[in-house]
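Reader: I'd like to go through this one feature by feature. Could you give me the general idea each time, and then the case at hand?

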Amino acid sequence: MSDLPAVGAETPIQVRNPSALDLFMFSASAWLLHRIHYDTPFTTEHDGHPGLLIHGPLQGVYLVQTAESWLGDRARLATITYRHLAPAYLGDSLECGGTVTAADGDGIDLELWARKPDGTVTTSGTARFVVA
């Protein structure tokens, strides 16, 4: 456990820029069929959004990937909860990162977030990683 990050350690920031194809493929693979993620005319004309929305669950995946790429094979995801706080649209860059909030003999807890470059947090969550 001593080689795992200490409380207060921060993950490196990962920047994600999903494409329209990424949004379509995530919709298809996860059976998320709401058209606001892949049908621009529907999204802008019918629902009044400025563009395609980046899925909340895709942002959750980005949070997990950020932590896993930092921790490597040393730890495994045990639990994650996250909440969406603001919309993110195709063309938005998402900076993903986190901070270790607790560490014990079993693993570590992280506070994770995705935000736009202007600082708007789009998704916030917590995760528990256990030592493998």
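Reader: Let's start with the surface. Which residues form a nonpolar patch there?

Author: A patch is made of residues with over 30% relative accessible area and no salt bridge; like charges are joined within 9 Å, and nonpolar side chains (Val, Leu, Ile, Met, Phe, Trp, Tyr) within 5 Å. A salt bridge, in turn, is a side-chain nitrogen of Lys or Arg within 4 Å of a carboxyl oxygen of Asp or Glu. Here the nonpolar patch consists of Leu21, Phe24, Met25, Trp31, Leu33 and Tyr38, and together they have about 700 Å² of accessible area. Areas come from the Shrake-Rupley method with a 1.4 Å probe, and for residues only the protein chains shown count as cover.

Reader: Before we go on, what sort of model is this?

Author: It's a predicted model, where local features need pLDDT of at least 70 and side-chain atom pairs count only at pLDDT 80 or more, while totals for chains, interfaces and linings use all residues. Residues are numbered from 1 along each chain as its sequence is written, and side-chain values use heavy atoms, with hydrogens and water left out.

Reader: Back to the patch, then. Where does methionine 25 sit?

Author: Helices (H or I, at least four residues) and strands (E, at least two) are DSSP runs, numbered from the N terminus. Methionine 25 belongs to helix α1, residues 20-30. As for exposure, buried means under 20% relative accessible area, exposed over 50%, and partly exposed in between (1.4 Å probe, protein chains only). Methionine 25 has 48% relative accessibility, so it counts as partly exposed.

Reader: On to the sheet. What is the order of its strands?

Author: Two strands pair if DSSP finds at least two bridges between them. That gives an open sheet of five strands in the order β1-β3-β4-β5-β2, with antiparallel pairing. At the edges are β1 (14-16) and β2 (75-84), each pairing on one side only. On average, neighbouring strands of this sheet are turned by 25 degrees against each other, direction ignored; axes are lines fitted to C-alpha atoms, for helices over the stretch in contact, and angles run from 0 to 180 degrees between N-to-C directions.

Reader: How many bridges hold each pair of strands?

Author: Going across the sheet, β1 and β3 pair over three bridges, with arginine 16 partnered by leucine 94 in β3. Nine bridges pair β3 with β4, and glycine 98 has leucine 112 in β4 as its bridge partner. Another nine join β4 to β5, where isoleucine 108 stands opposite phenylalanine 129. Finally, β2 and β5 (residues 121-131) pair over nine bridges; alanine 75 is partnered by valine 131 and arginine 76 by valine 130.

Reader: Which strands form hairpins?

Author: β3 and β4 do, with two residues between them. So do β4 and β5, with five residues between them, and glycine 119 in that turn has a positive phi of about 100 degrees.

Reader: What lies across the sheet?

Author: That's helix α3 (residues 56-71), which lies across β1, β2, β3 (94-104), β4 (107-115) and β5, running at about 145 degrees to β2.

Reader: What else does arginine 115 touch?

Author: Contact means heavy atoms within 4.5 Å. Leaving aside neighbours within four places in sequence, arginine 115 is in contact with Ile13, Ser93, Leu94, Glu95, Thr120, Val121 and Thr122. Its relative accessible area is 27%, so arginine 115 is partly exposed.

Reader: Which residues are linked in a network of salt bridges?

Author: Asp104, Asp109 and Arg128 are. Arginine 128 meets aspartate 104 at 2.8 Å, N to O; that pair connects strand β5 with strand β3, 24 residues apart. Arginine 128 also meets aspartate 109, at 3.0 Å. Because aspartate 109 lies in strand β4 and arginine 128 in strand β5, this pair ties together parts that are 19 residues apart in sequence.
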